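Subject: The structure, and some notes on it

Hello,

Here is the structure I promised to pass on.

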Amino acid sequence: MKPVRTWILLADGTRARIVCNTGRGKGLQEVRGMEFEGDNFRSGDVMADRPGRTFDSAGAHRHAMEPPSDPQREAKRSFAGELVARLQDQLQAQAFDRLVLVAAPATLGDIRKVLPKSLLTVVYGEIPKNLVHVPNQELSGHLGDVLAV
């Protein structure tokens with residue numbers, strides 16, 4: 001009988017890695033080549049200039065204008081899209097059977113928004129926590145509600 005390969009995606013807005021579990025008592029192993037790093041910059045680095053100013057519609061008062069978007073937030077959304085695309089490629093290559101999503105809450109939301117039906121059908125569980133930096137031997141305590149490691 002072939003073991004069920006469960007991939008666990010550990011992600012935040014700028015970093016991600018994937019570990020694999022092949023059954024109870026087998027532990028977690030890093031999946032080679034599945035460490036990701038997105039753009040990590042401060043919004044102030046990109047938006048160094050002060051916001052523009054505008055006049056009131058009536059009167060001589062002026063107000064600062066809000067920027068139309070946050071480049072840092074957009075980079076995190078783009079990173080989530082790249083992760084999903086890589087997972088989709090690996091699913092088509094039959095690299096895993098089930099998927100557990102463990103990500104910071106905002107990142108998990110970004111991933112959900114771009115998750116295609118093919119990946120959605122293999123999602124076994126979700127945990128809204130940032131566990132990217134947790135060593136593999138300590139992850140099992142966090143995954144207990146979703147997966148027996």
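Let me start with T107, which is found in helix α3; helices (H or I, at least four residues) and strands (E, at least two) are DSSP runs, numbered from the N terminus. At 6% relative accessibility, T107 counts as buried, where buried means under 20% relative accessible area, exposed means over 50% and partly exposed is in between, with a 1.4 Å probe and protein chains only. Leaving aside residues up to four places away in sequence, T107 touches A11, D12 and G13 (contact means heavy atoms within 4.5 Å).

A word on what you are looking at: this is a predicted model, in which local features need pLDDT of at least 70 and side-chain atom pairs count only at pLDDT 80 or more, while totals for chains, interfaces and linings use all residues. Residues are numbered from 1 along each chain as its sequence is written, and side-chain values use heavy atoms, with hydrogens and water left out.

Strands next

β1 (6-11) and β2 (15-21) run antiparallel and are joined by six bridges; two strands pair if DSSP finds at least two bridges between them. A hairpin of three residues connects β1 to β2, and I8 stands opposite V19 in β2. On to the next pairing: β2 and β3 are also antiparallel, with five bridges between them, and here C20 stands opposite Q29 in β3. Six of the seven residues of β2 are buried, so β2 is largely enclosed by the rest of the structure.

E35 has its place in strand β3. With a relative accessible area of 49%, E35 is partly exposed. E35 and R15 are 20 residues apart in sequence, and their C-alpha atoms are 7.7 Å apart in space. Not counting residues up to four places away in sequence, E35 touches A16, R17 and E30.

Salt bridges

How many salt bridges are there? The count comes to six, taking a salt bridge as a side-chain nitrogen of Lys or Arg within 4 Å of a carboxyl oxygen of Asp or Glu. As background, side chains of opposite charge can pair when their charged atoms come close.

- R5 and D97 meet through their side chains at 3.3 Å, N to O. This pair links distant parts of the chain, with R5 in the segment before β1 and D97 in the loop between α2 (71-92) and β6, 92 residues apart. D97 is partly exposed, at a relative accessible area of 29%.
- E30 and R17 form a salt bridge at 2.4 Å, N to O. E30 is in strand β3 and R17 in strand β2, 13 residues apart. E30 is partly exposed, with a relative accessible area of 36%, while R17 counts as buried at 10%.
- R73 and D110 form a salt bridge, their closest N and O atoms being 2.9 Å apart. R73 belongs to helix α2 and D110 to helix α3 (residues 105-114), 37 residues apart. R73 is partly exposed at 24% relative accessible area, and D110 is buried at 6%.

R5 also has a polar contact: its side chain reaches the backbone oxygen of Q94 at 3.0 Å. (A polar contact is a pair of N or O atoms within 3.5 Å; within protein, one must be able to donate a hydrogen and the other to accept it, and residues adjacent in sequence count only if both atoms are side-chain atoms.) Among the residues that R5 touches are C20, N21, T22 and F96.

At 1.5 Å a residue, the 22 residues of α2 should span 32 Å, and its end C-alpha atoms are 32 Å apart, which agrees; the expected span is 1.5 Å times one less than the number of residues. The buried residues of α2 include F79, L83, L87 and L91, and their cover includes β1, β2, β3, β6, α3 and α4 (117-120). After α2 comes Q94, whose phi is positive, near 60°.

In helix α5 (residues 136-143), which residues are buried? N136, L139 and L143 are. They cover an arc of only 30° around the axis, which puts them on the same side of α5; the arc is that of the directions from the helix axis to the C-beta atoms. On the other side of α5, Q137 and G141 are exposed. What covers the buried residues of α5 includes β1, β2, β3 (29-37), β6 (98-103) and β7 (123-127).

Best wishes
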